[in-house]
Amino acid sequence: MFYTYIQSSKNKKLGNIPAVYADRASCPPFCPLKGRGCYGESGPVSIHWRNVKTSFEAILRQIRGIRFKVNKLWRWAVVGDLPGVGSTIDKTQLRELAKANDTAKGFTYTHKPLTEENRKIINEINSETNFTINLSADSLKDAEIKKALNIGPVVLTVPSTQLEDFHAKSGLHVKICPAAAKSPKLVWPEDPVIRLAYKDSISCETCGICHKKNRDFVIGFPAHGNKKRLIDERLENRKRHTDGSPRLPLPDLVCGNGAC
Ligand code: SF4
């Protein structure tokens, strides 16, 4: 598998932080976003994604370079997933990646199925290293199940119109990503870095909440961009499936992790 390392992301949402694009082959075959809202499948990101050419060993060298900037935030897999083909996680490579991260603040998200084996390695990395793996959820129910596993922080895709924080009926607290929220609220008012972020335009560079492992809330990402409608329709069908109302007339993909 191949990768691309970008020293300074020019992405408005990420801000000025290093970022890695991971090979398409690392995505699980049943990712619910595949063909239905994945941001890597169109636009400029897709061009980067098609052109990943750097070996894993070379990427590790780049990441080791980051560690000298203690507390430097960076993102693994702007597109793609954890090391390992499809649904599997390459444990050796993931440990090497977390070791290369060292004291830097690497973070990522995964849609890999949470099999017992995958849960174990994700828990190990989240509890023993400074690298953060967020579990990506695709419905409130999915988010509740993943949060209950207690192996990592959880993020959730929400409809494009959901721009305010909310509590689900179950009590699950969803805070909208401050870079996307209508009126971002201070999440950790006591954290000077985050306080500063709210004075300027908010990006991952100034926010960094996705690296925090000890969140008692789920981060919500409103659907956006040119795939917004597709994602909204898919989320609406998930909701209809849960409450028993008729589905929208569109084929839905089946989430392969058994938790949706
Ligand atoms: S919550 Fe913060 S760190 Fe996470 S994606 Fe949004 S801006 Fe970036």
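Which residue stands opposite isoleucine 219 in strand S9? In this predicted model, the residue opposite isoleucine 219 is lysine 175. The pairing to which strand S8 (residues 173–176) and S9 contribute is parallel and extends over three bridges. S9 also runs parallel to strand S6, to which four bridges join it, and within this second pairing valine 158 has proline 222 of S9 as its bridge partner. Four of the five residues of S9 are buried, and the strand is therefore largely enclosed by the rest of the structure.

The protein as a whole contains eight helices and nine strands, and buried residues account for 41% of its 260 residues. Among contacts between residues at least 6 apart in sequence, 70% join residues that are at least 24 apart. The largest nonpolar core consists of 50 residues, and those with the most contacts inside it are Val20, Tyr21 and Leu156. When residues up to four places away in sequence are not counted, leucine 156 touches Ala137, Ala143, Val174, Val218 and Gly220.

Two of these core residues, Val20 and Tyr21, belong to strand S2 (residues 19–22), from which Ala19 and Tyr21 point one way while Val20 and Ala22 point the other way, all of them being buried. In a regular strand, side chains alternate between the two faces of the sheet. Strand S1 (residues 3–6) pairs with S2 in the antiparallel sense over four bridges, and in this arrangement tyrosine 21 of S2 is the bridge partner of threonine 4.

Helix H5 (residues 140–149) has Leu140, Asp142, Ala143, Lys146 and Lys147 as its buried residues. Seen down the axis of H5, these buried residues fall within an arc of 155°, so they line one face of the helix. After H5 comes asparagine 150, which is found in the loop between H5 and S6 and has a phi near 60°, a positive value in a residue other than glycine. Asparagine 150 counts as exposed, because it has 10 C-beta neighbours inside 10 Å.

A positive phi, of about 50°, is also found at aspartate 102, although this residue is not a glycine. Aspartate 102 is placed in the loop between helix H3 (91–101) and strand S4 (105–110), and with 16 other C-beta atoms within 10 Å it is partly exposed.

Tryptophan 74, in strand S3 (residues 73–75), is buried, with 28 other C-beta atoms within 10 Å. Leaving aside neighbours within four places in sequence, tryptophan 74 is in contact with Ile17, Pro18, Ala19, Ile66, Ala104 and Gly106. Tryptophan 74 and glycine 208 are 134 residues apart in sequence, and the distance between them in space is 9.2 Å, C-alpha to C-alpha.Arginine 119 lies in helix H4 (residues 116–128) and is partly exposed, with 18 other C-beta atoms within 10 Å. Not counting residues up to four places away in sequence, arginine 119 touches Leu114, Leu149 and Ile151, while its C-alpha atom is 9.3 Å from that of glycine 152, a residue 33 places apart from it in sequence. Threonine 242, found in helix H8 (residues 228–243), is exposed, with 12 other C-beta atoms within 10 Å. The C-alpha atoms of threonine 242 and lysine 141 are separated by 8.7 Å, although the two residues are 101 residues apart along the chain.

The surroundings of the ligand include isoleucine 219, the residue of S9 opposite lysine 175. Also around the ligand are Cys177, Pro178, Ala179, Ile202, Ser203, Cys204, Cys207, Gly208, Ile209 and Cys210. By class, this shell has nine nonpolar and two polar residues, and no charged residues.

Terms used: Residues numbered from 1 in each chain as written. Predicted model: local features only at pLDDT ≥ 70, side-chain atom pairs only at ≥ 80, totals over all residues. Near = placed C-beta within 6 Å. Nonpolar A, V, L, I, M, F, W, Y, C, P; charged D, E, K, R; others polar. Buried ≥ 20, exposed ≤ 12 C-beta atoms within 10 Å, placed from the backbone. Helix = DSSP H or I, 4+ residues; strand = E, 2+ residues; numbered from the N terminus. Arc of directions from axis to C-beta. Pairing = 2+ DSSP bridges. Contact = placed C-beta atoms within 7 Å. Core = buried A, V, L, I, M, F, W, Y, C linked by C-beta atoms within 7 Å.
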